[in-house]
Amino acid sequence: MSTDLSITHLILNASIVVQLVIGLLVFASVMSWSMIFDRRRVLRRAGRAADDFENRFWSGGDLAELYRQLERDGDDESGMAAIFRAGFREFARLRTKGHNDPMALVQGAQRSMRVSLNREVDRLENHLSTLATVGSTSPYVGLFGTVWGIMNSFMALGNVKQATLGLVAPGIAEALIATAIGLFAAIPAVIAYNRYSNKVERLNNRYDDFVEEFATILQRQAGS
Amino acid sequence: MLAMLKRSPVAVFLAVALHLLIVFFLIFGMEWELFPQQEKPPVEVVQAHAVDMDKLRQVEAEEKAKARKMKEQQAKKQKRAEEKKRLAALEKKRKADAVAKRKVDAKKKAEVEAKRKAEVKRKAAAKRKAEEKRKADAIAKKKAEEKRKADAKRQAELAAKREAAARAERERALQDQLAAEQNARETDRYVAVIRQQIERKWLRPAQTGEQLSCEVQVRLIPGGDVVPGGVSIVKSSGNAAFDRSVEAAVYKAAPLQVPSGGLFESFRNLRLNFKPSK
């Protein structure tokens, strides 16, 4: 019986199923961490962009001027700028087509802004569900690996006459590694999911508020 | 995952790097203890040969046999020397015995003479002793007689005393009984007075049969006042109006006439039975 109980040794000596489970869990962990880093970057950028845009929007300049500036900057704008552009474009288009009912103008602009807002929020929420899945399932996957490993270890135990701790312990230790890795993958995923879905929710609220505010401004302009 | 890699390679790279770092620490953290051990000079090894146990045992047996033989020879030599010594000692002893025997004979004669003298002395002493004993017995008898007489006298006295005490006790008991009877009579008198007092205030409800009866318990304080809420129906008559009327009557009759002093104690919790027939 080898006394080397280091983690590498245990993993290399584990049964195929346990190794597969461990591989799956490591993959899930890498994936969830990739998403964590990715979402972190995206959400931070979206928050900063919203701050910037709100500053520009409320600085009191002409809205048409702002729109033109945004068009010039390029079309990779996202977040609030995209919503603003969608709304303003629709408003301008309807107006040039000769619609003069302010209610209809504002409603059209609002509808197109809603669409843009949904698209933006969807972009932010992208992959968050994967995080949730990893967070909720990887403990079970790890547990499965552990149960399998312990089963094997006990089966081997049944074949010998004299059972010693040294005979069972490595098997159980190797099996428990699966649970450990499952938890290792799950805990950050759950934390990140909660944190990021909260952040997305707050951004969504900001966008919503912006849509309403912009609609009232458009209404004022349409009425004048 | 691939789409992810395409879209944000930095994030994937960071994640992979993180995991590699963790794995690195896991492996080297686990084997940290191994390095100092490897650097240590090898411990001195005890030289050992493989030994055939059978051969070893044979050699041992041979050695043992040799030792045993030598021991036996030595023991023989010693025995011979001892034998010689013993013979010499025996000779010496025989001579000594002869001398001793002569001495013993002389001693025996002397002892016989001494015994005879002692016998004579003993007889005389015994005679004297018997005489003395007879005298002592007579004295003891006389003393015992005296004692017996004194005891009888004392016992008679004790009996008389006891009798007197018993008589006094009986008298006292009788007196107590008399007092108790007196108390009971007094109590009965007071109870009758109280009953009268209550019945005077009692407004019997109409249409109550003769066979109704209810028992109330009244808690009183010295002076005859009823404790507020101290009237309770112990045994109801079965007619609520009747019970209530009795209760009201007790309250109305307060203060009741109760004795003062020690006699009051039996009135603290007074039980009264009421029947409408009276």
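**A tour of chains B and A**

Begin by selecting chain B of this predicted model, where five helices and three strands are to be found. Following chain B along its sequence, you pass through these elements in the pattern α-α-α-α-β-β-α-β. If you colour chain B by burial, buried residues make up 9% of its 278 residues. Turning to contacts within chain B, and taking those with a separation of 6 or more, 72% are accounted for by residues 24 or more positions apart.

Next, display both chains and select the contact between them, to which chain A gives twelve residues and chain B gives 14 residues. On the side of chain A that touches chain B, the elements to highlight are helix H1 (7-13) and helix H2 (16-57) of chain A, each of which gives two or more residues. H2(A) provides the largest share of that side, namely nine residues. Coloured by residue class, the side of chain A that touches chain B divides into six nonpolar, four polar and two charged residues.

Now stay with chain A and select helix H3 (residues 63-73) together with helix H4 (residues 80-96), whose axes come within 10 Å and cross at roughly 120°. The crossing in which H3(A) passes H4(A) is left-handed. To see what makes this contact, show the side chains of Leu63(A), Tyr67(A) and Leu70(A) on H3(A), and those of Ala81(A), Arg85(A) and Phe88(A) on H4(A). Sorted by class, the residues of the contact of H3(A) with H4(A) comprise five nonpolar and one charged, with no polar residue.

How values were computed:
Residues are numbered from 1 along each chain as its sequence is written. Chains are lettered from A and ligands numbered from 1 in the order in which they are written. This is a predicted model: local features need pLDDT of at least 70, side-chain atom pairs count only at pLDDT 80 or more; totals for chains, interfaces and linings use all residues. Axes are lines fitted to C-alpha atoms, for helices over the stretch in contact, and angles run from 0 to 180 degrees between N-to-C directions. Helices (H or I, at least four residues) and strands (E, at least two) are DSSP runs, numbered from the N terminus. A crossing is left-handed if the near helix is turned anticlockwise from the far one by less than a right angle, and right-handed if clockwise. Two residues are in contact if their C-beta atoms, placed from the backbone, lie within 7 Å. Ala, Val, Leu, Ile, Met, Phe, Trp, Tyr, Cys and Pro count as nonpolar, Asp, Glu, Lys and Arg as charged, and the others, Gly among them, as polar. A residue is buried if 20 or more other C-beta atoms lie within 10 Å of its own, exposed if 12 or fewer, and partly exposed in between; C-beta atoms are placed from the backbone.
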